[in-house]
Amino acid sequence: MQNLNFQQVLRYREEFIDGLLATLQMTGISAFFGLLIGVLGAVLLTRGPKPVRILLKSYIEIIRNTPPLIQLFIIFFIFPSIGVRLSPFPAACVALSIYFGAYAIEIIRSGLNSIPKSQIEAGECLGLTSFEVFRFVILPPALRNIYPSLTSQLVLLLLGTSVASQIAATELFHTATFVESRTFRSFEVYALISAIYVVVVVSSRVMFAAIGALAFRWPVRR
Amino acid sequence: MRSLSTVDLIAFLHGFQWTLVLVALSFFFGGLLGLVLALLRTSPFLPLRLFAALILQIVQGVPLLALLMFFYFGMPVFLGVEVPSLAAVTVAFSIYSGVFLGEIWRGGIQAVKFTQWEAGASLGLSRYEQFRFIIAPQALKISLPATVGFLVQLIKGTSLAAVVGFVELTRAGQIAAAATFQQIFVYSIVAAVYFAICFPLTTWSRSLEARLNGTG
């Protein structure tokens, strides 16, 4: 074992905190727009005209079968070629929203499909309008069904923001490369940020599980 | 600045070879680790289950990129000697695969009804024989779609090895992009190669899953 020296690395704790906040911010923004894509996409994929459905399906397949790093590079370099100046952080948010959106569409669509047709018919028989059927018959159980996979996909998004460091977008991982270049303590830096990610991810998993347990007791008990 | 030429295509092919080598090595060693983790997670002894769960939480809580850096810079620290980058990168990807495969196979093992273990026991089979001849074949069939699905994740994940300078497909792309300034074109080719490998696997995984749901 060589000598480990965390002292120098820990002097940069403010930078690490800023990096963490930027990571959370990037996750939040990408999750918001990704979910928007997910909801719209899921509706269009089930109800939309055929050309739109084919387009959406190819979008999903392309995103799911190519590395996020390459997607990030392509999107980052597309902006200057169409004459838009975009700094790395928003570019990364665009790429990650597109990435998260593809997974969100599939999750939300499978949630909507998981409601048996007979229940929707039962709602109609009770004289509910189609909005009421959606609001009271489809939405609550669909939300409960998609909650676990959507939240674990969110955690994957949080981890995925680390690739944004490769286009020099400042987030937690980028902070690590910055501190590494100042201190030359590579192993200590990466050990430290690994630990930060573990703490954040495990606590957000616990938080999501707690929210899920509270939110989905009602109206249907398992 | 120069234009894209056949030299670059040959470099892509060369890089692609190393992507395949990396996937094969990590899938092999990750598979061995995954088997051990799956058995620990389904073991009757609580401490073993907790130990495996702890490893799982830690590795799944770290971005693949950080895992890669941790082992790339950590292997020399742990071992006290310089290791070739292929070795360091393989260790990181094997641990990543091991944890995910372990979790997938645990699901497969637990999907086989517990009475199957008991049936084996009542036939006088040892615990190893019960696993080897009764549980494992059924668990394998159940977890095959997810295993193939994970293979796609792994292939996509190896692109991150480019970050530590390991010359696989993505790194070959970065080199060509830097020389030609045709980033969008070059990265589209690279993306197309990944897609050509991953899409058939995704389709296969989906058809396996449909067959499983149809017969199961």
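Residues are classed here by relative accessible area, computed with a 1.4 Å probe on protein chains only: buried means under 20%, exposed over 50%, and partly exposed in between. The model is predicted, so local features need pLDDT of at least 70 and side-chain atom pairs count only at pLDDT 80 or more, while totals for chains, interfaces and linings use all residues. Side-chain values use heavy atoms, without hydrogens and water, residues are numbered from 1 along each chain as its sequence is written, and chains are lettered from A in the order in which they are written.

Side chains of opposite charge can pair when their charged atoms come close. With a salt bridge taken as a side-chain nitrogen of Lys or Arg within 4 Å of a carboxyl oxygen of Asp or Glu, five are found over all chains.

In chain A, R185(A) pairs with E188(A), with 3.2 Å between the closest N and O atoms. R185(A) is partly exposed at 25% relative accessibility, whereas E188(A) is buried at 3%. A further bridge joins R109(A) to E106(A), with closest N and O atoms 3.0 Å apart. These two residues lie three apart in helix α5 (residues 88-113) of chain A, which means that about one helical turn separates them; helices are DSSP runs of H or I with at least four residues, numbered from the N terminus. R109(A) is partly exposed at 23%, and E106(A) is buried at 18%.

Turning to chain B, E103(B) and R106(B) meet in a salt bridge of 2.9 Å, N to O. Both belong to helix α4 (residues 85-111), three residues or about one helical turn apart. E103(B) is partly exposed, at 21%. Together with R41(B), E103(B) and R106(B) form a network of salt bridges.
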